[in-house]
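Could you bring it up on the screen, please?

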Amino acid sequence: MSDTKIRIQDDLYEAVNGEWLKTAVIPEDRPTAGGFAELDQNVEKLMMADFRALAEGSKTTDIPEMKYAVALYKKVLDSERRNREGIAPALPLLDRIRAFKTVEDLNAAAPELLPMEFDLPLRMGVEADMADATRNAFVVLGPDLILPDTTYYAEDNESGKQLLALYADMAAKVLAYTPLTEEEQKQALADTLAFDALVAKKVKSQLEWSEYYKCHNPMPVDEVAELVAPFDIKGLLQALYGEKAPDTLIVYDPKAIREMKDYFSEENFGLYRNWAYVKTLLKATPYLSEELATLGKTYSRALLGVAVDPSLEKQAYQAASELYAEPVGVYYGRSYFGEEAKKDAVELVKKIIETYKLRIRKNGFLAESTKEQAIRKLSTIEIKMGYPDEIKEIWSKQVFDENESLLSIMLRLTEIRAKDVLEKLLKPVDRTEWLMPGHMVNACYNPSANDITFPAAILQKPFYSLQQSVSENLGGIGAVIGHEISHAFDNNGANFDEFGNLKNWWTEEDFKAFQGLTQDMIRQFDGIEFHGGKVNGELTVSENIADNGGMGVTLEIMHTLPEADYQAYFMNWARVWCRKAKEEYIQLLLANDVHSPNVLRANMQPRNFPEWYEAFGVTETDGMYLPPEKRISIW
């Protein structure tokens, strides 16, 4: 329903969504309502009902891996056993950490701890090699922080101080359940905060992480080993891979690795050990008693602005759908995503790709050689629509003993998945893997595979429906599709070729022109005041370029439609971004999210295109007017 009190020419977002925003209620256990969140909530309700029926036996499925998901669902529901066990299931691992007296003790245990996703002094994993996307590489980076970003640790950041105090209070209360003496509890907490403060001075900020192509920093393993000593990374790799251990590592966060001695050494091993103890304890709480689980989520609830945790049944479904994501996604896709819709959506993607090629050919700042490279990249984009045709073997390996504690089961499943990832180092990259499951309301572009994924769950109203007009679908899922394709040519994706390799395929002049347009996009958003803060144009530029490209290519298609309804297009564009959010969550996103606030996503991009002005007769006196010289259309 549109808000008739606000002129669409002054504020598209409010005019379309205003009435809903006035009355919408955000669920107590969620940070947002509307748009993506509403679809996600609907999928969750639908799937919870199915899990309930599968658990009771009143419904069946021919997907064998779903029996493990249902078994885990039932295990989480057994709160009586967890309440009876209390903290006991976590004590063996916690006692083991306390038994580490030296770095050598940690090094000896590291090969076993890494697959358990234990907090070692640095994070490690296996990812596609950016320089050669057919092979996998072993990557290293610094530890996680307590606060959402390095910027929160600034002396003048009051929000950071408040959150750290809240975290400390929560950790102190959880530590009180352990066998540690009161003095040991205080020391553990003090050491945790001290170690975290040291790490915060060395790791990348969210702004630095937003330029993900800069993560590719190959380094000889001997050099890394010297930098991270006394942690024995060579011994760890030898234990994992034997004679096939890599001789080159990819350092995602060079500063954290080069300066690791400033936060991890023989001298401050006690700080690290207590930090690891507290982190392990807090990560275990969701799978312990209900009292500990609720207490352990105090900090995350505050970050998101939510009043309560999800119901036990929701937690059970969420755990099962996350730990068995692919089978659950395939179940959802087969059950609720029609072949007609899939075929129609794939055809729309192909049409948008072909239209993108036309726009590249008409592009005014690219040389012919660069255009050909861009078109080649578009021609090789892989489309993953709905859900995978087959379920990968790893999901049938995730078997557990139902008699064990929930925490033991979660550690077991984590280990199975993590070992599978680590083993990929010795295998070629599997490009048939999906980054998102079918029941997720989202979409993505993978630069290392040059593929786009559209899970079945996003292909609903207002994004897409066979009952919606073509114009509405173009303003919804069409613009989202165009957005994901545009990530192939944003400030990150532009550095990768059609095979997903980090490679410069531009002429020097063309790339300079593109960088100039990127700066224009940064300036268009940078510094816009929002909820007491300001938008960071540099942090959000990749997503803003993608939104701009998604709108540009779908408006191009609109010109080919005899029944084109530009007003319906722009109104559905605004409807898609409708969101009501808790203030705490708004502040979290403003400081850390690479996406601009939803209201700006809805209102900023239309101003860059002449079709907006023609559709609603927008003039200089209207709030949604932007002078022609300030309008940007990159792709």
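Okay, so let's begin at a turn. Strand 7 and strand 8 make a hairpin with four residues between them, and Asn450 in that turn has a positive phi of about 50°. Before I go on, a word on what we're looking at: this is a predicted model, where local features need pLDDT of at least 70 and side-chain atom pairs count only at pLDDT 80 or more, while totals for chains, interfaces and linings use all residues. Residues are numbered from 1 along each chain as its sequence is written, and side-chain values use heavy atoms, with hydrogens and water left out.

Two strands pair if DSSP finds at least two bridges between them.

Strand 7 covers residues 444-446, and its pairing with strand 8 is antiparallel, over three bridges. Across from Thr453 in strand 8 you'll find Cys444. On another pairing of strand 8, strand 6 (residues 382-386) runs parallel to strand 8, with five bridges joining the two. There, Met385 stands opposite Phe454.

So, how enclosed is strand 8? Five of its five residues are buried, so strand 8 is largely enclosed by the rest of the structure. Buried here means under 20% relative accessible area, exposed means over 50%, and partly exposed is in between, using a 1.4 Å probe and protein chains only. As for directions, Asp451, Thr453 and Pro455 point one way, and Ile452 and Phe454 point the other.

Now, how many disulfides does the structure hold? Zero, where a disulfide is a pair of cysteine sulfur atoms within 2.5 Å. For Cys444, the nearest cysteine sulfur belongs to Cys215, and that's 17 Å away. Another buried cysteine is Cys578, at 7% relative accessibility.

The peptide bond between Lys461 and Pro462 is cis, with omega about 0°. There's also a cis bond from Ala229 to Pro230, with omega near 20°. Pro230 sits in the loop between helix 10 (221-228) and helix 11 (233-241).

Glu117 isn't a glycine, yet its phi is positive, about 55°. Look for Glu117 in the loop between helix 6 (103-113) and strand 2 (123-129); it counts as partly exposed, at 45% relative accessibility. His531 has a positive phi near 50°, and its place is the loop between strand 9 (529-530) and strand 10 (533-534). With a relative accessible area of 40%, His531 is partly exposed.

Four strands form an open sheet in the order 2-3-5-4, with mixed pairing. Which strands are at the edges? Strand 2 and strand 4 (218-220), each pairing on one side only. Strand 2 runs antiparallel to strand 3 (residues 132-141), and seven bridges join them.

Last stop, helices. Helix 24 (residues 566-576) is mostly covered, with eight of its eleven residues buried. Among the buried ones are Tyr569, Phe570 and Trp573. What do the buried residues of helix 24 pack against? Their partners include helix 1 (12-23), helix 2 (35-56) and helix 21, where contact means heavy atoms within 4.5 Å.

One more contact to look up is between helix 3 and helix 20. On the helix 3 side we have Leu72, Lys75 and Val76, and they meet Leu406, Ile409, Met410 and Leu413 in helix 20.

That's my tour, so let's take questions!
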